Amino acid sequence: MRKNKKHNFEFKLRIFQEVIQGRHSLESIGKKENIHHSLVGHWVSFYRKFGEEGLMPISNRYSANFRLKVVKTIKSESLSLPQACLRFKVPSVTTLWNWVRIYDSQGPEGLRALHKGRSIVMPRKPKRPLTREEQLLEELADLRAENAYLKKLQALIQSEKEKVEKRKSSKN
């Protein structure tokens with residue numbers, strides 16, 4: 001089974017309809033479509049609670065206060081993660097599992113510091129115009145790299161020719 005595969009609304013709706021109309025069980029549709037049966041069950045639950053809107057893609061941007069509220073509710077009411085997903089309309093059990101894990105290890109501050117996306121990279125230095133000497137040095141470095149590449153390529157071609165000639169001479 002592939003992980004992290006995004007499914008569009010039409011695909012989810014078709015799967016839901018096949019399950020509801022009794023044509024397929026969760027397990028059989030999962031095998032047929034190469035997705036885990038629990039995901040199919042998750043979609044069915046979301047559709048039953050929210051209608052077609054439950055199958056629509058959801059932005060995964062959650063505020064720190066929302067994450068904290070969800071985790072505290074899970075803990076205080078002993079909710080299962082699938083129940084919490086339905087209650088708070090969070091599409092992924094894994095997301096909630098990560099929030100609970102972070103809360104348990106780092107406390108509420110861990111959920112506040114949580115951010116999504118790429119880490120911040122070092123800012124690039126602003127490019128200033130190069131002097132003629134710097135331009136020539138860069139060009140020289142490029143030409144040296146190209147020359148070294150061509151020499152290695154030529155050596156590789158030569159060694160391949162020698163191997164072919166050696167095979168021909170050993171057959172005779």
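Let's start with K163, which forms a salt bridge with E160, their closest N and O atoms being 3.9 Å apart. (A salt bridge here is a side-chain nitrogen of Lys or Arg within 4 Å of a carboxyl oxygen of Asp or Glu.) Both K163 and E160 sit in helix α8 (residues 132–171), 3 residues apart, or about one turn of the helix. Helices (H or I, at least four residues) and strands (E, at least two) are DSSP runs, numbered from the N terminus.

K163 is partly exposed at 45% relative accessible area, and E160 is partly exposed too, at 39%. For these labels, buried means under 20% relative accessible area, exposed over 50%, and partly exposed in between (1.4 Å probe, protein chains only).

## What you are looking at

This is a predicted model, where local features need pLDDT of at least 70 and side-chain atom pairs count only at pLDDT 80 or more, while totals for chains, interfaces and linings use all residues. Residues are numbered from 1 along each chain as its sequence is written, and side-chain values use heavy atoms, with hydrogens and water left out.

The structure has 5 salt bridges in total. One of them joins R14 to E33, with the closest N and O atoms 3.3 Å apart. R14 belongs to helix α1 (residues 9–20) and E33 to helix α2 (residues 26–33), so this pair ties together parts 19 residues apart in sequence. R14 is partly exposed at 33%, whereas E33 is buried at 17%.

Then there's E134 with R128, whose closest N and O atoms are 2.9 Å apart. E134 is partly exposed at 24%, and R128 is exposed at 52%.

## Rings that pair up

On to the aromatic side chains: there are 4 aromatic pairs, counting rings of Phe, Tyr and Trp (its six-membered ring) with centres within 6.5 Å. The ring centres of Y62 and F66 are 5.3 Å apart and the planes are at 15°, so this pair is stacked (planes under 30 degrees apart). Y62 and W99 have ring centres 5.2 Å apart and planes at 80°, so they are edge-to-face (over 60 degrees; the rest count as tilted).

Y62 is buried at 17%, and W99 is buried at 4%. Ring pairs link Y62, F66, F88 and W99 into a cluster.
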